[in-house]
Amino acid sequence: MLRIENLHVDVEGKRILHGLSMTVPSGEVHAIMGPNGSGKSTLSYVLAGRGGYDVIEGTATFDGQDLLAMEPEERAAAGVFLAFQSPVELPGVGNATFLRTALNAIRRGRGESEYDAMQFLKIVRGKMAALGMKDEMLKRGVNEGFSGGEKKRNEMLQMALLAPKIAILDETDSGLDIDALKLVADTVTAMRGPAFSALVITHYQRLLDHIVPDRVHVLSAGRIITSGGPDLALKLEAEGYAGVVKAAA
Amino acid sequence: MPAVAETLETVQTVNDGGYKWGFETDIEMEFAPKGLNEDIVRFISAKKNEPAWLLEWRLRAFALWKTMAEPRWSSARYPAIDYQDSYYYAAPKTTLAPKSLDEVDPELLKTYAKLGIPLREQEWLQGIAPSPDAETGRMPVAIDAVFDSVSVATSYKERLAKDGIIFCAISEAVQTHPELVKKYLGSVVPQGDNFFAALNCAVFTDGSFVYIPKGVRCPMELSTYFRINAKSTGQFERTLIIADEGSTVSYLEGCTAPMRDENQLHAAVVELVALDDATIKYSTVQNWYPGDAEGKGGIYNFVTKRAACRGARSKVSWTQVETGSAITWKYPSCILQGEGSVGEFYSVAITNNRQQADTGTKMIHLGKNTKSTIVSKGISAGHGQNTYRGLVRIGPRATGARNFTQCDSLLIGDQCGAHTVPYIENRCLTAKVEHEATTSRIAEDQLFYCRQRGLSQEDAVGMIVNGFCREVLKELPMEFAVEAQKLLQISLEGSVG
C-alpha cells in the first residue's frame with residue numbers, strides 16, 4: 001500500500017506540493033487528474049526519488065517502508081516503477097542490454113536468481129509480441145531515434161518485464177494515438193491483480209475509458225481537493241477543472 | 001554478439017574498486033647505474049649482446065637526442081623531467097634468456113597470474129582450430145611478457161613457428177633474425193623523429209618482434225604484456241611488426257604498473273610495416289598507474305606509434321583504450337603509401353581525477369585511393385583534461401583519397417575539460433575529407449532513468465559510457481572487449497558524486 005501524508009515539496013525554492021495526502025491500497029488503480037501546473041509530475045518524481053525535489057514536510061511509505069529515505073534504485077527494487085512522460089535516450093546502449101541489466105538488478109534486489117541471455121530473450125520476446133513490438137527494437141539503442149509511440153511502448157515493455165508492485169504512469173497518454181493509448185491501457189489491465197496497484201496521472205479523461213480506475217483524485221495547487229469513483233472523471237470531462245476546483249474551494 | 005551486450009556481467013564482477021594492479025613484485029633485480037650517458041647506452045647494448053651495427057645505431061640516436069628539446073606543444077602540463085634521476089635498465093636476476101616456461105622464475109609467473117595473464121600453453125593439433133580454455137572459457141593467446149627491461153617469457157613460440165611466424169622478444173630477434181631487424185628497425189620511426197623516439201632508440205631494452213610470412217593468416221591473437229615493476233625506472237620498449245604480402249595478424253598490448261608516488265617514464269616506439277595486401281590489427285589496452293586522486297604519481301606515457309602501409313591494398317587498424325597513465329602523449333599514425341591502402345584509428349581515452357591525455361592520430365595519404373577512418377571518443381571526469389589532436393594530410397598524388405573523422409567528447413562533472421584539435425592539410429583536389437565532432441555531458445535525467453530501473457549510480461555511468469564508446473569497443477578482439485569495458489567502469493569510479 002502506498003500512503004502519502006501531508007507532503008510538502010519545494011522545487012528550486014518554490015513550493016509545489018502543499019500538504020498532499022492520499023492512499024493507494026494494494027490491488028487498486030487510482031487516477032490523479034489535474035490542470036497543468038498542479039504538481040502531477042512533481043508527485044511522480046518525488047515518489048521515484050529524483051534529485052532536485054526537496055521534501056519539506058510529510059511522509060510517503062510503501063508497504064510500510066519509508067520511500068523518502070531510499071535511493072531511486074532501492075525504490076525500484078522495492079517495486080516502484082515510473083513510466084516516464086518523456087523517456088530519455090541512451091545512445092549506443094543496446095535496448096536488450098539495458099532491459100536485461102535492469103531486470104537482473106531488480107531480481108537481485110528481490111533476492112531472485114538472475115536470467116542469462118537465453119532465458120532473458122525468451123521472456124522479453126514474449127512480452128514484446130504482446131505489445132506488437134518488432135525484434136529489431138532490442139538491437140537499437142535505448143529509445144534512440146524512437147518515435148513518441150515507440151518510446152511509450154518501450155516504457156510499457158519495461159513495466160511488463162519488471163513486474164512492479166506499483167506503477168506510476170506520468171501522463172503516459174500524452175501524444176498517443178488511440179491505438180497506442182489502448183495498448184497502454186491493455187498492459188496495465190493485464191497486470192491488475194491483488195498484488196499490483198497503479199497511480200495513473202493524466203490530464204484527460206480518455207485514458208480512463210480504457211483503464212477504469214477504482215478511485216479518482218483531483219489535484220489542484222499542490223493538494224488533493226476532491227476524490228471520488230470513476231464518474232468523477234466523467235464529471236471533470238463535462239464541467240472542466242474550473243468548476244470542480246471552485247466547488248471544492 | 002556486440003561487445004556491449006556483455007557489459008552487465010562484466011560490470012557486476014567488478015566490486016573492488018581502485019587500481020588493483022598496483023602491487024609490487026619482490027624479486028632480486030639487476031640495475032644499470034642511475035642516469036643517462038653514452039656508457040649507459042653501451043651497458044644496455046652489451047647486456048643484450050648486440051652486434052656492433054646496433055650499438056652504433058643507438059649511439060647515433062643518443063647524439064641526436066642530446067641536440068633535441070622535449071616537446072611542450074601538447075596540452076599536458078607537468079614539471080620538468082630529470083632524465084638523470086632514473087634507471088634505464090632493470091632486469092630480474094634470475095631470468096636472463098629462459099629457454100622455456102619451466103625456467104621462468106616462479107615469482108614472475110605468480111605476478112602474471114595475479115595480473116590475469118595466462119602464460120601457460122595449451123596444446124592443439126595441426127589443422128584444428130584452437131579451442132577455449134576449459135577453466136576460463138578464453139581462447140588461447142600467444143603472449144610475450146615484458147617485465148621492466150626484459151622479456152621474461154613468450155608463449156606458443158614453437159606452435160607459431162610451424163606457420164613460419166616469428167614471435168619473440170626483439171632482443172632475441174636481433175640475435176636470430178638480424179637481417180629482418182636491420183632492414184626494418186627505424187624504417188618507420190627514424191632515430192631523429194622526435195625527442196622521445198630518439199631517447200627510445202638510444203636506450204630501448206625489450207619489446208616484441210613479429211614477422212608474418214607471405215600469405216599466412218596468424219592462427220591466434222598475439223599479445224605483449226608490459227609491466228613496470230622496479231622503482232625509479234623508465235620503460236623503453238620497442239616493438240616491430242612486419243606483415244609480409246597477403247598476411248594477416250591481430251596483436252594486442254596491455255600494460256600495468258605498481259602504485260608509487262613518483263612519476264615514471266614510459267617512452268615506447270612501435271613500428272608496423274604492412275606489405276601488399278597485408279592486414280595488421282593493433283589493439284592497446286593501456287592501464288598504467290594513473291596516479292592518485294590528487295595527481296600524485298603515475299606514469300608519463302610518451303609513446304610514438306606509427307605504421308607504414310607500404311604495399312598496395314594493405315591495411316592497418318589501430319584500436320586503443322587508454323584508461324591509465326598520469327599523462328598520455330601518443331598519436332598512432334598511418335603512412336598510406338600503397339595504392340588503395342587503408343588506415344583506421346579507433347580510440348577511447350578516459351581522464352579521471354588529475355589525469356591528462358593528449359592523443360589522436362596522423363593519417364598521411366600519399367598513395368592513390370587511400371582511405372582512412374578516425375573515430376575518437378574522449379571521456380573526461382573529475383579534473384581530467386582530454387585533448388584529441390589529429391592530422392589528416394593528403395599529398396598531391398593521393399588522388400581519390402578519402403578520410404572520415406569523428407570526434408566525440410563526453411563530460412562527467414563540471415571540473416574537467418575536453419578539447420579537439422584537428423589539423424587538415426589537403427593538397428589534392430579529388431580528395432574527400434569529412435570531420436564531425438560532438439561534445440556532450442552525462443545528463444542527470446539519463447542517470448535517474450537508469451536508477452529508476454534498478455541500476456546503481458556507478459552501473460548507470462558505466463553503461464552510459466560503454467554506450468558512448470560502443471563504436472570503438474566493437475573493434476577490439478572479443479577476448480579483450482570485456483576486459484576493456486571493465487576498465488572503463490573502474491576508471492570512472494567515484495566520478496559522479
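Author: Let us start with chain B. Among its contacts between residues at least 6 apart in sequence, 83% join residues at least 24 apart; two residues are in contact if their C-beta atoms, placed from the backbone, lie within 7 Å. This is a predicted model, in which local features need pLDDT of at least 70 and side-chain atom pairs count only at pLDDT 80 or more, while totals for chains, interfaces and linings use all residues. Residues are numbered from 1 along each chain as its sequence is written, and chains are lettered from A and ligands numbered from 1 in the order in which they are written.

Reader: In what order do the strands of the open sheet of chain A lie?

Author: Strands (E, at least two residues) and helices (H or I, at least four) are DSSP runs, numbered from the N terminus. Two strands pair if DSSP finds at least two bridges between them. In chain A the order is S2-S1-S4-S5, with antiparallel pairing. The edge strands, each pairing on one side only, are S2 (14-24) and S5 (65-66) of chain A.

Reader: How many bridges join S1(A) and S2(A)?

Author: Eight bridges join them. For Val11(A), the bridge partner in S2(A) is Lys14(A).

Reader: How many residues of each chain are in contact with the other chain?

Author: Contact joins 27 residues of chain A to 22 residues of chain B. H3(A) gives the largest share of the chain A side, nine residues.
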